[in-house]
Amino acid sequence: MTTTTKRRLPLMGGYQPADIHAEPVLSAAQFALTELQLQHNLPPAFQSFVTVTSGKNTSIQVVDAKQQVVAGMNYALLLRVVDDDTQECLATMQVLIYDQFGTLRVTRWGEIQPCVEGDEDMEGNSRIRHLRHKE
C-alpha cells in the first residue's frame with residue numbers, strides 16, 4: 001500500500017502570509033496610522049475611535065499581515081493601536097492597503113475591535129512590531 005501526502009500549494013493570486021518585519025509591511029502599517037490620524041475616508045466606528053483617542057501619543061503594532069500580488073501589492077493588516085504613555089492597547093483593527101508601485105492608499109477599513117490576548121505565533125514568539133507615528 002502506497003501512502004501519498006498532498007501538499008497544499010498557494011492559491012495563485014490569493015493572499016499569502018507576509019513577514020511583519022518586512023519594510024513594505026511596516027510602510028503600509030505606518031501609512032494606515034497616518035491616514036487614521038488624518039481621518040481620511042474613515043467609517044463611523046473609526047471616526048469615533050479617533051475622537052476618543054485624540055490627544056494621545058499612539059503607535060501601531062503589526063500583529064499579522066498577508067500580501068497579494070496584483071498590479072502592485074495588496075496588504076491585509078491586523079494592527080493594534082497602543083497608548084505610548086500607558087502601553088495600554090486601545091484597539092485592534094483590520095485595514096487593506098494597496099501599494100501601486102510606491103503609491104499607497106487605503107482601499108478598505110475592516111473591523112475595529114477591543115484588544116485581546118494571545119498575539120503570539122505557534123512557537124510562542126511575539127508577532128508584534130512597533131511603529132511610531134512620525135510628526
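A contact here means a pair of residues with heavy atoms within 4.5 Å. Among contacts in this chain between residues at least 6 apart in sequence, 56% join residues at least 24 apart. The structure is a predicted model, and every value below was computed from it.

**Overall architecture**

The chain holds two helices and six strands. Followed along the sequence, these elements give the pattern β-α-α-β-β-β-β-β. Of the 135 residues, 37% count as buried.

Strand S1 covers residues 16-17 and is joined to S2 by two bridges, the two strands running antiparallel. Within this pairing, glutamine 16 stands opposite glutamine 67 in S2.

Strand S2, residues 58-70, pairs with S3 in the antiparallel sense over twelve bridges. One residue lies between S2 and S3, which form a hairpin.

Is isoleucine 60 buried or exposed? Its relative accessibility is 1%, and buried means under 20%, so isoleucine 60 counts as buried. Isoleucine 60 and aspartate 83 are 23 residues apart in sequence, while their C-alpha atoms are 9.2 Å apart in space.

Strand S3, residues 72-83, is mostly covered, with ten of its twelve residues buried. S3 pairs with S4 as well, again in the antiparallel sense, over ten bridges. In this pairing valine 81 stands opposite alanine 91 in S4. S3 and S4 form a hairpin with five residues between them.

Most residues other than glycine have a negative phi.

Phenylalanine 101 lies in the loop between S4 and S5. How does accessibility class these two residues? Glutamine 87 has a relative accessibility of 47% and counts as partly exposed, whereas phenylalanine 101 is exposed, with a relative accessible area of 69%.

**The disulfide**

A disulfide is a covalent bond between the sulfur atoms of two cysteines. How many disulfides does the count give? The count comes to one disulfide, which joins cysteine 89 to cysteine 115 with an S to S distance of 1.7 Å. The pair links distant parts of the chain, 26 residues apart: cysteine 89 is in strand S4 (residues 89-100), and cysteine 115 is in the loop between strand S5 (103-113) and strand S6 (129-132). The torsion about the S-S bond is about -75°, so the disulfide is left-handed. Cysteine 89, at 22% relative accessibility, counts as partly exposed; cysteine 115, at 27%, also counts as partly exposed.

The accessibility values discussed so far for single residues are collected here.

| Residue | Relative accessibility | Class |
|---|---|---|
| Isoleucine 60 | 1% | buried |
| Glutamine 87 | 47% | partly exposed |
| Cysteine 89 | 22% | partly exposed |
| Phenylalanine 101 | 69% | exposed |
| Cysteine 115 | 27% | partly exposed |

**The largest pocket**

Rolling a probe the size of a water molecule over the atoms shows where empty space is left. The largest pocket of this model contains about 170 Å³ of space. Which elements give two or more residues to the lining of the largest pocket? They are S2, S3, S4 and S5.

The residues that line the largest pocket are Asp64, Ala65, Lys66, Ala76, Leu77, Leu78, Gln94, Val95, Leu96, Arg108 and Gly110. By class, this lining has six nonpolar, two polar and three charged residues.

Key: Residues numbered from 1 in each chain as written. Predicted model: local features only at pLDDT ≥ 70, side-chain atom pairs only at ≥ 80, totals over all residues. Heavy atoms only, no water. Disulfide = S-S within 2.5 Å. Helix = DSSP H or I, 4+ residues; strand = E, 2+ residues; numbered from the N terminus. Buried < 20%, exposed > 50% of the residue type's maximum accessible area, 1.4 Å probe, protein only. Pairing = 2+ DSSP bridges. 1 Å grid on protein atoms, 1.4 Å probe; cavity = no way out; pocket = protein on both sides within 12 Å on 5 of 7 lines; lining within 4 Å. Points joined across faces, edges and corners; volume = space filled by probe spheres on them. Nonpolar A, V, L, I, M, F, W, Y, C, P; charged D, E, K, R; others polar.
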